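Please keep the sequence and the coordinates at hand while reading.

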Amino acid sequence: MFSPQDHIVQENIEQELSQLGFSIEKSNAQSLASFLNDHFANFDIFSFVVKIDGILGSHCLKSANKKVIIQYEPPRLKISYVEDGLRVAFERSFIKQNGEVDVYHEFFSLPKSSQNRGIAREVLKVSIQQYVNVKANKIFLNAGLDNGGYTWAKCHFYATNRKEVEKILSKAENMLEPAQFNPIKRIFDNHYAKHSTGSPFPMIKWAEVPYMESVLIGTNWAGVLDLRNTQQFSNFIDYVLRR
């Protein structure tokens, strides 16, 4: 489903985005088209924002503040779609360093009435196509906000900070009976016995344990997913496409 698609951004893209209600913020005279073609080749920004607007627009009670922001050192593209009061909010950044593009899921929020309706998955589908197009290396995020600590674990993201994983382990110890907690601790111990302290922890190993859902909800942890790792990418896609 997510095969790379070639795309050249045309010079009229700024006008097209403006007609959609997006403002363009940049600090020099280089055109947006030139910037994207130079640094984020094959990124179809028009298709991307049209689809994001189509998915999120109907959930806004007020008009959204829509921005495309570009910075140059290092090259960074940020797309921001934020309703006043952050009721609906979507922010993604693409940063290119040492020839590699990394994606940052900076913020995503939906009102309670719009949650658990598959909207986040639709946003991810639209996003993944562009990640594939630009040959993105990794996705970084902070799993938090409501159910984020559980949801991103189910998406097969890895926790990068051992201290944050230890904090979740401590929460599990406080919430669970010993018979439930001991297998959770064994998963933690086995991982760090085999890997270095800085090795990302596979949160899915906890998230797939049914009684860990209540533990993971409300947690905050820095996460990463390696799009170049065939197994990680495949697991991520399987989750996003699951009905």
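Two residues are said to be in contact when heavy atoms of theirs lie within 4.5 Å. The model considered here is a predicted one.

Under this criterion, and leaving aside residues up to four places away in sequence, glutamine 129 touches Met1, Phe2, Ser3 and Gln5. Glutamine 129 belongs to helix H4, which covers residues 119-133. Its relative accessible area is 10%, and because buried means under 20%, glutamine 129 counts as buried. One of the residues it touches, serine 3, also supplies a backbone oxygen that lies 2.9 Å from a polar atom of the glutamine 129 side chain.

The charged pairs come next. Across the whole structure, a search finds eleven salt bridges. Among them is the pair of glutamate 14 and lysine 26, whose closest N and O atoms are 3.0 Å apart. Glutamate 14 is situated in helix H1 (residues 13-19), whereas lysine 26 is in the loop between strand S1 (22-25) and helix H2 (32-39); the pair therefore ties together parts that are twelve residues apart in sequence. Glutamate 14 is partly exposed, at a relative accessible area of 23%, and lysine 26 is also partly exposed, at 31% relative accessibility.

Glutamate 106 takes part in a salt bridge with arginine 76, with an N to O distance of 2.6 Å. Here strand S5 (residues 100-109) contributes glutamate 106 and strand S3 (residues 75-83) contributes arginine 76, so that parts 30 residues apart in sequence are tied together. Glutamate 106 has a relative accessible area of 32% and is partly exposed; arginine 76, at 22% relative accessibility, is likewise partly exposed.

Glutamate 106 also forms a salt bridge with lysine 78, the closest N and O atoms lying 3.3 Å apart. Since glutamate 106 is in strand S5 and lysine 78 in strand S3, this pair ties together parts that are 28 residues apart in sequence. Lysine 78 is buried, with a relative accessible area of 18%. Through shared partners, salt bridges join Arg76, Lys78, Glu91 and Glu106 into one network.

Is lysine 194 buried or exposed? Its relative accessibility is 69%, and because exposed means over 50%, lysine 194 counts as exposed. From C-alpha to C-alpha, lysine 194 and glycine 223 are 20 Å apart in space, with a separation of 29 residues in sequence.

Conventions
Residues are numbered from 1 along each chain as its sequence is written. This is a predicted model: local features need pLDDT of at least 70, side-chain atom pairs count only at pLDDT 80 or more; totals for chains, interfaces and linings use all residues. Side-chain values use heavy atoms; hydrogens and water are left out. Buried means under 20% relative accessible area, exposed over 50%, partly exposed in between (1.4 Å probe, protein chains only). Helices (H or I, at least four residues) and strands (E, at least two) are DSSP runs, numbered from the N terminus. A polar contact is a pair of N or O atoms within 3.5 Å; within protein, one must be able to donate a hydrogen and the other to accept it, and residues adjacent in sequence count only if both atoms are side-chain atoms. A salt bridge is a side-chain nitrogen of Lys or Arg within 4 Å of a carboxyl oxygen of Asp or Glu.
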